[in-house]
Each structure stands twice: as C-alpha cells, then as structure tokens.
Amino acid sequence: CSFFILQKDAKGQYLFDLLCHHLNLLEKDYFGIRFVDPDKQRHWLEFTKSVVKQMRAQPPFTMCFRVKFYPTDPAALKEEITRYLVFLQIKRDLYHGRLLCKTSDAALLAAYILQAEIGDYDPGKHPEGYSSKFQFFPKHSEKLERKIAEIHKTELSGQTPATSELNFLRKAQTLETYGVDPHPCKDVSGNAAFLAFTPFGFVVLQGNKRIHFIKWNEVAKMKFEGKTFCLYVSQKEEKKIALTYFAPTPEACKHLWKCGIENQAFYKLEKSSQVRTVSSSNLFFKGSRFRYSGRVAKEVMESSAKIKREPPEIHRGAVGQGDEGHSWPVPSPRPRRPLSGQSRLQSVHSGRAGLESLRDSAHSTPVRSASHGDAFMSHSRSSRAESSERVAVISDEIYSPADSVLPTPVAEHSLELMLLSRQINGAPCSIEEEKESEANTPTATEADEMGGEFKALCQGVGGNGGTQAAQVNKFVLSVLRLLLVTVGLLFVLLLLLIILTESDLDIAFFRDIRQTPEFEQFHYQYFCPLRRWFACKVRSVLSLL
C-alpha cells in the first residue's frame, strides 16, 4: 500500500498533485477526486478548499480518482499514460451500462479490451468460450460472446495493448453517450430522465434515447433552486427555451448545477481568465455562488503539446488477475521524492499489486452492498439466462446506470492509495480498522479497474453537527446579503435626494421632478425643517467642542 500523510489544513489541490505525482501523470486537468457524503450524494473535491472542511462524514474518508472532463478527442492526448487512464474510465463506463452502443459496436469495443488485456489469440492458452470469463457489459448473451471472440481472433491479431486502447478510444468517442456522467432527475411530467454534460454539450436521456442535445455555445444560463434545475437555451432565431428538471434532493440539484458550470467553463471558454463567478439566483443575496478554478480545455491542449520527456513505463496486468477475470493493471509510479514538513509518502508494495477499482455510478443513486463474488456470479448468470433467449442489442436496454451497480472487488493484493491526514501525535489506524471502515462507507456502488481508490483518515469535524452548522452559516450569509442590499439602496436614495434638493444641476429629469407639487410640498414642509434642525444640532456640538 502507499500512504500519504497530510497536514490537517491541506488543500484539495495539494492532495490531487500528490496523487498525480505518484501516478507520474502530467496531463492531469482531465481528472478529479470524487467523494460521497453521509446522504449518499457525490461531490467533486474542490481544490481551493481544505480537504477536511469539505467532508461532512466522520473519518475515515473514502475518495475516488476519476476522469472529470472527458477529452474531446481522447486519441489526441499527448502521453500514453493519460490515454491509458481514460481508457480505463471508458471501459468502466461500458461495464456499468453508461456507454450505450449497438451490438456490433459493443462486440468491437469488447474485442479491443480483450486484445489489450490478453494479447493475440492463442489456441493453446485460450480454449473455447474464453471470452465468457470477462464481464464487459451489465448484460450480454452467448451470441455476443462468440462475436467478441471472432473479432479478437480474426481482426485484431498483432495489435499491441497501446494500439488496441487507442482504437478503443477512437471508437468510443463516436458514440452518443461518450463522456456521459448521468444525474438522475424527473421532467415536468414526472418521467424519469438522466441529465449529463459531455465534451460537446448538454444531453438528456430517457429510456435508451437521447431526447435533447444542446451545444455549449447555445447554453445561455443554468440555475437551480431547491430541487429544481433550469437550463436556458438561446437558439439562432433569437428564441429562448427553458428546460426544467427536478433532482431527487436539493444537494443533488446543487451538485448537478456545479457540474454544469464547470463543464461549460472547461469546454466553452478560450482562456481561464474569462471564468467568472456564477450565481444560482438572479438576486444577489439569495442562492449559491460558484467559480470554476481550473484551466480550460484549450489551455490544457496547448500545455500538453509542450510536454517533452521520456514516456513513463506502464505495467498492464502483468501481475495476475482479479476476481472477474480482468487483470488489475497499474501505471508505473514515478520515483518518489521526500516531502517537506509533516507530509511524507510511504510505499509498501505487495506481491500482486494493482489499482483497486473505483466505485460510483449515478450521482444520487442509493448504493447496494454485497459480497462481490456472489453479486457478480448471480448477476452474470441471470443476465446471460435472460439474454440468451433473444438477440443482444445493448442500446435496447433502458438507460439506468443504477441497475448495473456491482460492489467493488476488494482483494488483499490490490494496491491502495491511502491518505492519512492526522495530527502529529495521532496514531494510524490498523489495516483491519481501515477495511472495516471501508465496508461501512456509503460509496461502494460499482466495480471496474480505472484508477486508484484511496482513503483519507483525518481528525475533522463532520456528521450532523457539521450539517447544522453549514445550514446556520447559509442562513446568516443570506441575511447579511439582504441587509447589505437594503443599506445600499437607502444610501442611493439619500444621495439622489441630496442632489435633487441641494444641487443646481439643470437636468431635464431632475427639473421635471422638482416641478411636481408633491416634491415642492415635501421640500418645504419636511426637508427644509429637517435641514434646519440638523444644522442647529451640528452648531451646538461644534460650540461644545
């Protein structure tokens, strides 16, 4: 295992940089760290804030390293290590039913995975039905398995793992649901839907169909209030359309809104200097305010083009296989450097190392817990029994990522990145305590092998007390904004009154107001006596001084 010990006030950016340094990853802007709160709502770790202060749960904390912004053209990424990590993420999306495709496309994608994992077909090593040992999709039939094996045998011979992964990325990029990270919602009629943000725009999925696709340059504004999420669209004919959806909880709606703000800024803007703070409401003193803090896609591509170094070595599945027949690969970590202060990096590599799979699918979907072996076998057998009676068409399944939830395969030999944030004299938890805390953490929803799960153990404030304090802080902040706006309006009115009564500005607007009977009555009956009284008091105070 690898242990990262952090200071208690460490920011999210420091944690993220530490992990990317361990993975030897330079093109890191596409990735992020995700965690789950006690209400089973997922969040992206904000890099400008303290790690501990973002956690509402009690320690230990479980976080996941994920692709946050899918590359517009994954095949154009500069380094192979980046393409490999994106490949693992998309492979996971395929496995959990988030990447919809036709049967022919599904067979080709699975064959690319097979070629990357086990290499060329060898009759001596690969007996009849060898492809059935791999679970590529939530459901697939024996007919599809035979098609996968046929493509692997006849069309992909001689391709290296890197070539197969590159071809996989090129094919996946052409699919409508590439880059979809689904948020479950309901439309105004109460019909279930999934909202998602892709490199190309905003999409809405119902059933197995994409019913809306809005390009980023057509998205005028996004806002939310409570559970209601609104997206305003500007079209060529100067028509404005408002799409309204309802999230399961206010927290899920806020997370959806923040994801939309970040994705629009990343893919639409030319420079990060164009990023502005966005409010969820039209009123200054109401709603949430959020600002994307990273670089935009164009800047990331320009920065990647300047990378000049020897490509880092990548180890793909050379150390055995996991519970599903999948090998558990791990990028070769870069040489470790000593860390200053209280933070340090310790590494203990076990005999069969690998990146433990990351877990979560739909953002607000309640999780299920079960032993991985039993869940996987029962799910696989029932799926094949159902689908063996019909032709397998992947896109005929109702689009519901939550239906394909599988627990993460946890093995003693897997490589874990554990982040231990504690005080100087705090004692680390034992391995047994860490496993027990992981079993009780409400984040285990799915399985795959994309990049490194890690646990953050720290002494922080969390639980219900933290939730109540956050609600009180929001209320106080809202009241302060209201008072500030009220004082500002009163000051403006007072300034306008002084200009009207005391200045000699001969402007048509002011002249019309001064000539009204109401203003003359106010001026002579109220303002002049008040001015004389105020002047008398000022003279009295000055005489005393």
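## Loops, a helix pair and an annotated span

Lys40 is placed in the loop that joins β2 and β3 (42-44). The structure is a predicted model, in which local features need pLDDT of at least 70, side-chain atom pairs count only at pLDDT 80 or more, and totals for chains, interfaces and linings use all residues. Residues are numbered from 1 along each chain as its sequence is written, and side-chain values use heavy atoms, with hydrogens and water left out.

Helices (H or I, at least four residues) and strands (E, at least two) are DSSP runs, numbered from the N terminus. The protein chain has 13 helices and 18 strands. Of its 545 residues, 49% are buried; buried means under 20% relative accessible area, exposed over 50%, and partly exposed in between, with a 1.4 Å probe and protein chains only. Among contacts with a separation of 6 or more, 72% are between residues 24 or more positions apart, a contact being heavy atoms within 4.5 Å.

Lys40 is not a glycine, yet has a positive phi. Asn24, also not a glycine, has a positive phi as well. Asn24 sits in the loop between α1 (12-23) and β2 (31-36).

| Residue | Phi | Relative accessibility | Class |
|---|---|---|---|
| Asn24 | about 60° | 10% | buried |
| Lys40 | about 65° | 31% | partly exposed |

The axes of helix α3 (residues 80-95) and helix α6 (residues 161-173) come within 10 Å of each other and cross at roughly 55°. Axes are lines fitted to C-alpha atoms, for helices over the stretch in contact, and angles run from 0 to 180 degrees between N-to-C directions. The two helices are therefore oblique to each other: angles under 35 degrees count as roughly parallel, over 145 as roughly antiparallel, 65 to 115 as roughly perpendicular and the rest as oblique. The crossing of α3 and α6 is left-handed, that is, the near helix is turned anticlockwise from the far one by less than a right angle.

On the α3 side, the contact is made by Glu80, Arg83, Tyr84, Val86, Phe87, Ile90, Lys91 and Leu94. On the α6 side, Ala162, Glu165, Leu166, Phe168, Leu169 and Ala172 take part. These residues comprise 10 nonpolar, no polar and four charged. Here Ala, Val, Leu, Ile, Met, Phe, Trp, Tyr, Cys and Pro count as nonpolar, Asp, Glu, Lys and Arg as charged, and the others, Gly among them, as polar.

An unreviewed UniProt entry annotates residues 479-501 as "transmembrane region". In the model this span is 100% helix and 0% strand, and its end C-alpha atoms lie 33 Å apart.

Notes: UniProt positions renumbered as here; feature names shortened; annotations may be inferred.
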